[in-house]
Protein chains: 2
Amino acid sequence: MKTSYQQIAEGILYTDQYQLTMAQLYYRMGLHEKQVQFDHFFRNYPDYDLHQAGYCINAGLEWLLDWMAEARFRDQDLEYLRDRKGQTGNAIFSEDFIQWLKKNGTFDGIHMKAVPEGRVVHPNIPLTVIRGPLAMAQILESPLLNQLNYQTLIATKASRIRDCGTNQLLLEFGLRRAQDRGANAGARAALIGGADFSSNVGISHVLGYPPQGTHAHSMVQVMIALGGSELDAFRTYAEIYPDDCLLLVDTINTLESGIPNAIKVFEELKRKGHHAIGIRLDSGDLAHLSIQAAKMLNEAGFKGTRIVLSNQLDELVIWQILSQIRKEAPRYGLDAEKLINRLVYGVGTRLITSGGSPALDGVYKLTAVRDAGKWKPAIKISESLDKIPNPGHKNVWRIYDLRDKATADLIGIEDEDLHHMDPLTLHHPIVHTTYRSLGQNQISHIEPLLVDVLDEGKLVYDLPSIDEMRVRRIADLERLDPGVRRIMNPHIYHVSLTPKLWELKQSLINSSSEDNPTIERKKSI
Amino acid sequence: MKTSYQQIAEGILYTDQYQLTMAQLYYRMGLHEKQVQFDHFFRNYPDYDLHQAGYCINAGLEWLLDWMAEARFRDQDLEYLRDRKGQTGNAIFSEDFIQWLKKNGTFDGIHMKAVPEGRVVHPNIPLTVIRGPLAMAQILESPLLNQLNYQTLIATKASRIRDCGTNQLLLEFGLRRAQDRGANAGARAALIGGADFSSNVGISHVLGYPPQGTHAHSMVQVMIALGGSELDAFRTYAEIYPDDCLLLVDTINTLESGIPNAIKVFEELKRKGHHAIGIRLDSGDLAHLSIQAAKMLNEAGFKGTRIVLSNQLDELVIWQILSQIRKEAPRYGLDAEKLINRLVYGVGTRLITSGGSPALDGVYKLTAVRDAGKWKPAIKISESLDKIPNPGHKNVWRIYDLRDKATADLIGIEDEDLHHMDPLTLHHPIVHTTYRSLGQNQISHIEPLLVDVLDEGKLVYDLPSIDEMRVRRIADLERLDPGVRRIMNPHIYHVSLTPKLWELKQSLINSSSEDNPTIERKKSI
């Protein structure tokens, strides 16, 4: 796309058509400036092929705020809307609505609460709560979901990979397999979720992380095509980057050519007073090859050099590689943990696409309407009880037990004071008869999760740096039960309702059912 | 991301770090302006869960060309490179290289041949062939793959969905589940591959397709929250959009509330001289509900109204829905094909993410180097024979049989004249003993697939409109054997080599093996 078109394609019209037709309908009915609340949350953890995540990492908020701050209906956007014709050739949008958009079509009236980026989050927790005029809150739905769903998905995948890789250095390599410019959002989310660096230069620049990368097979190939050898290629690389020498050793034959040649070059560097960084393995049995590489490097006196692994990695592949190393390394006289400590993971496709689960099911649901000066909780009845959003103004707390582990997230009415409830009752969100009681003496700490972000469109929150988000993520992960962090078949974390919210929800469901007898019928099947 | 950062994050630095470190290495060696050729191709069709595609639809070229035309090293990009430090604090990029980038760091020296967008393509066919100075051709790798892989992936998925849906109207709905701004590239590719419209307003504007969409559940919900009913919501919608009235009928209960209310409103519209467009079903058993909806609409005299289906659709789900309709509709006294003809598909997540196969494995490989005034084919030896790219300057032809069906794609040496070979021998790309012979009397037409696109960076090709690409795609699909179009377990299309290319490849493999005895060893295992 020509960059001159980006202003149109990525501005306020970066939304779905039905948001605009609904906004005009609200305008016609005089409802466009009625105050409403929408909650953004996801319903299910990503489910990667056969195994489902036990937690997610929240991400994407800052870029959404950047977009909201700049988005407005400019003349070219309005001109386009003016030209839209319906089936019979009539204008879809009327001039008075267009004039209203020109004057009021910004997010300046929006209040937002949100869970900060980098935090561990769970299904059905309101991650972003929007209050504001109906028309603009409605138009915000698509761009909000577009920007928050993806970054949360990728931060989650990165966190799992990081965790499985026993916290060794993790590099994001996915530019070539991303959805076009989505690569940049993906790189940012990967950094929040646990990647240390990205290979993508531009976004690394913008985010202040040095991009990483050395050379590809093509460099060795060019040398060979010009009559040289792999060793020539390595020597040249070492000459130009003597202190940053990391060599890709599998262009010809890893064990018989690549590693021996790399060792020769490392020895030459050493004689000149430089320290080689290491080697990269990009094909073959990475577990077996790392063991052999470590053995050869150790024997040559390069015990500290890094071994970078790449090629279709993800959390499961890394887990299998580490299991195999732990089993086999001792047979070759190697300390498995020492070997694992020198590994670095370069993860491309399966990180940037969230391999196995390429979309998060985040939604944006109306939960309250201000009518005649009073906020009224709104409910959407669904045939599946677990799809009925929690109504009204709410708050969310994380409850820590005496081990300082998070034991549940609790959703309640906004002004509830949990500290005065003893015991605290945690209702299962759907099953009427299931609840837990926690005495205050079993609780070390009750932490509210939502912070105020926008007040009438004005930022009232200090946006954390990515480094601060990473610190936050690590702290949250440490306070998760190990069973919840497990990558396969994790223990299900409790997301519960307070008795007050539970009762509000039931009474709204019941009164909706009275108005609509068909609902009652459906529920009783 | 703030739009002010986009120029950095999406400009020439939208590449991987190793492309820049390799470019500097080539510069140091005096090889940076050496002419080389890189081929872009994919190795495998997307493999969606259990079934693999039998063809792909090429897409993404025009946006890549837009990017290349604008990308250059501006002062802010160079300033950033100047600041990059290695492990020991030394500058990674030297000033003379930075000055070279400032002066020569554009794609003005690039020659490009490519297969046009919208065409049916197959593995190992060079889709894009780049010739130009080594340093810039190398830097191009990541942005080229990023932009071409994704659009080809999505155009392919859209084409399959379109084909399974027996060519009924297809709407792209995926904005909220895309990888951030990748949504726009995805919408474009979906249009090329067979979607008729997108719900995404901005990109529809840029591409000249009217965006589609009516209303969401939230509209009905707002009305109910304010004391109204579903019927009130539908009436209001019909009042404001009397000629574009498409109603979402599953907010409360599809059969007992939504459709009866929609019919009431359609009758009111009819009395006022308007034609209702139809209804949308977004949950439940879509096959069963379409039959019931059609029956109810028919009985009320609305035989022509559309029935839009949405909710986790993809080619297999649509196929199953149509099978079920064909089996069950007659039991309700309905003509299944008439019902199918009024369906419209709204496809979100599984189109924009290419559900089941979220990345295409497109690669970019060095295939020739100009040395001492002569082009030399380059080869990359791999332990897997099917990963060795076809070397040198090549051409690609599609061979049509007497039924005018494409029977094979043939890769040969650039200047070969196939018309003079009788019979034409089609070598299996790997298996030495397998080949086909086609007499010229068995061939109706031989069509070259590559066109000249860039000559020294200058566009020498008339870019087709998306409508033209769609026409091209339909024509190509019609000339595919039905077995190749099949969505599950398709017949494998032949991609073959001419005897001359086959021999060139073998001789290069053999001479590489002589230089590198380890390769020979590997091959003989």
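Where is the place of A:Pro423? I found A:Pro423 in the loop between strand 17 (406-413) and strand 18 (424-427) of chain A. Helices (H or I, at least four residues) and strands (E, at least two) are DSSP runs, numbered from the N terminus.

**Ground rules.** I am reading a predicted model, where local features need pLDDT of at least 70, side-chain atom pairs count only at pLDDT 80 or more, and totals for chains, interfaces and linings use all residues. Residues are numbered from 1 along each chain as its sequence is written, chains are lettered from A and ligands numbered from 1 in the order in which they are written, and side-chain values use heavy atoms, with hydrogens and water left out.

**Backbone.** A:Asp422 and A:Pro423 are joined by a cis peptide bond, with omega about 0°. In chain B, a cis peptide bond joins B:Asp422 and B:Pro423, again with omega about 0°. B:Pro423 sits in the loop between strand 17 (406-413) and strand 18 (424-427) of chain B. I also noted A:Asn311, a residue other than glycine with a positive phi, near 115°. Its loop runs between strand 12 (306-310) and helix 14 (315-328) of chain A.

**Interface.** I turned to chains A and B. Each gives residues to the contact (heavy atoms within 4.5 Å): 117 from chain A and 117 from chain B. The two chains bury about 10,600 Å² between them, 57% of it on carbon and sulfur atoms. Buried area is the accessible area (1.4 Å probe) that two parts lose on being put together, summed over both. A:Arg176, A:Gln179 and A:Arg181 supply 8% of the area that chain A buries against chain B, more than any other three residues.

I counted 8 salt bridges across the interface. The rule asks for a side-chain nitrogen of Lys or Arg within 4 Å of a carboxyl oxygen of Asp or Glu. A:Arg176 also pairs with B:Asp16 in a salt bridge (3.4 Å, N to O). Helix 2 (residues 17-28) of chain A gives the most to the side of chain A that touches chain B, with 10 residues. That side has 53 nonpolar, 40 polar and 24 charged residues. Ala, Val, Leu, Ile, Met, Phe, Trp, Tyr, Cys and Pro count as nonpolar, Asp, Glu, Lys and Arg as charged, and the others, Gly among them, as polar.

B:Glu414 lies in the loop between strand 17 and strand 18 of chain B and B:Lys113 in strand 5 (residues 111-114), so the pair ties together parts 301 residues apart in sequence.

**Voids.** I worked on a 1 Å grid over the protein atoms alone: in a cavity a 1.4 Å probe fits but cannot get out, a pocket is an open set with protein on both sides within 12 Å along at least five of seven lines, and lining residues have an atom within 4 Å of a point. Grid points are joined across faces, edges and corners, and a volume is the space filled by probe spheres set on the points.

The second largest pocket has a volume of about 630 Å³. Of its 32 lining residues, the closest to its centre are A:Gln6, A:Glu10, B:Thr3, B:Gln6 and B:Glu10. Helix 3 of chain A gives the most to this lining, with 4 residues. By class the lining has 10 nonpolar, 9 polar and 13 charged residues.

I count 7 cavities of 30 Å³ or more. The largest cavity holds about 70 Å³. Its lining includes A:Gln6, A:Glu10, A:Arg181 and B:Arg181.
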